[in-house]
Amino acid sequence: MSDVYSYGVVLLELLTGRKSLDRSRPVREQTLTDWAFPLLAHRKKVLGIVDPRLAADDYPVKAVHKTAMLAYHCLSRNPKARPLMRDIVATLEPLQQQPQPQPELVVEVSPANDSGGSDGVGVR
């Protein structure tokens, strides 16, 4: 069950982009689990702790909420209330199947090359 707790910490690190212990932060935010745990059960507050380097359209909000609830259960003070690893896997597997935002297709048109090597259209 301590492995499950540790996995909950890893999930929090992934969600927030923060280290589990960061002494450069204000005292109340130095220990990631102490700071984030109370926020995980609140759908609106969870979005406020997501790694700010991610744009809101970089991730599915539903997946963030499910991951936050999973982390919440993994970090339960009662070890017997924590999920089994097979249940964690069963929760996370469908999340990786969700469609990811597709990169925008950019078509560049440049003047025709007199050397005859290119038609002047390129795709990135």
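The model is predicted, so local features need pLDDT of at least 70 and side-chain atom pairs count only at pLDDT 80 or more, while totals for chains, interfaces and linings use all residues. Residues are numbered from 1 along each chain as its sequence is written, and side-chain values use heavy atoms, with hydrogens and water left out.

The chain holds five helices and two strands, where helices (H or I, at least four residues) and strands (E, at least two) are DSSP runs numbered from the N terminus. Along the sequence their pattern is α-α-α-α-α-β-β. Confidence is given as pLDDT, the predictor's value for each residue from 0 to 100. The mean pLDDT of the chain is 83, and 77% of its residues reach 70 or more. Among the elements, α2 has the highest mean pLDDT (94), and strand β2 (residues 121–123) has the lowest (48). Where pLDDT is low, the predicted coordinates should not be read in detail.

Of the 124 residues in the chain, 31% are buried; buried means under 20% relative accessible area, exposed over 50%, and partly exposed in between (1.4 Å probe, protein chains only). The accessible surface of the chain is about 8,800 Å², and carbon and sulfur atoms account for 54% of that surface. These areas come from the Shrake-Rupley method with a 1.4 Å probe, and for residues only the protein chains shown count as cover. Contact means heavy atoms within 4.5 Å. Among the contacts in the chain with a separation of 6 or more, 48% are between residues 24 or more positions apart.

Helix α1 covers residues 2–16 and includes Glu 13; Leu 11 also has its place in helix α1. Leu 11 is buried, because its relative accessible area is 4%. Apart from neighbours within four places in sequence, Leu 11 contacts Thr 67, Leu 70 and Ala 71. For Leu 11 and Leu 70, the C-alpha atoms are 8.3 Å apart in space, although the residues are 59 apart in sequence. Glu 13, by contrast, is partly exposed, at a relative accessible area of 28%. Not counting residues up to four places away in sequence, Glu 13 touches Arg 18, Lys 19, Ser 20 and Leu 32.

The loop between α1 and α2 contains Ser 20, which is partly exposed with a relative accessible area of 32%. Beyond its neighbours within four places, Ser 20 is in contact with Val 9, Glu 13, Gln 30, Thr 31 and Leu 32. Ser 20 and Gln 30 are ten residues apart in sequence, and their C-alpha atoms are 7.9 Å apart.

Helix α2 is largely enclosed by the rest of the structure, because seven of its nine residues are buried. These are Leu 32, Thr 33, Trp 35, Ala 36, Phe 37, Leu 39 and Leu 40. The charged end of Arg 18 sits over the ring of Trp 35, 3.8 Å from its centre. For such a placement, NZ of Lys or CZ of Arg must be within 6 Å of the ring centre and within 35 degrees of the ring normal. Arg 77 likewise lies over the face of Phe 37, at 5.3 Å from the ring centre.

A search of the whole structure finds one aromatic pair. Phe 37 and Tyr 72 form this stacked pair, with 4.7 Å from centre to centre and 10° between the planes. Rings of Phe, Tyr and Trp (its six-membered ring) pair if their centres lie within 6.5 Å; planes under 30 degrees apart count as stacked, over 60 as edge-to-face and the rest as tilted. Phe 37 lies in helix α2 (residues 32–40) and Tyr 72 in helix α4 (residues 61–74), so the pair ties together parts that are 35 residues apart in sequence. Phe 37 counts as buried, at 17% relative accessibility, whereas Tyr 72 counts as partly exposed, at 27%.

In α4, the buried residues are Ala 63, Val 64, His 65, Thr 67, Ala 68, Leu 70, Ala 71 and Cys 74. The 14 residues of α4 should span 20 Å at 1.5 Å a residue, which agrees with the 20 Å between its end C-alpha atoms. The expected span is 1.5 Å times one less than the number of residues in the helix.
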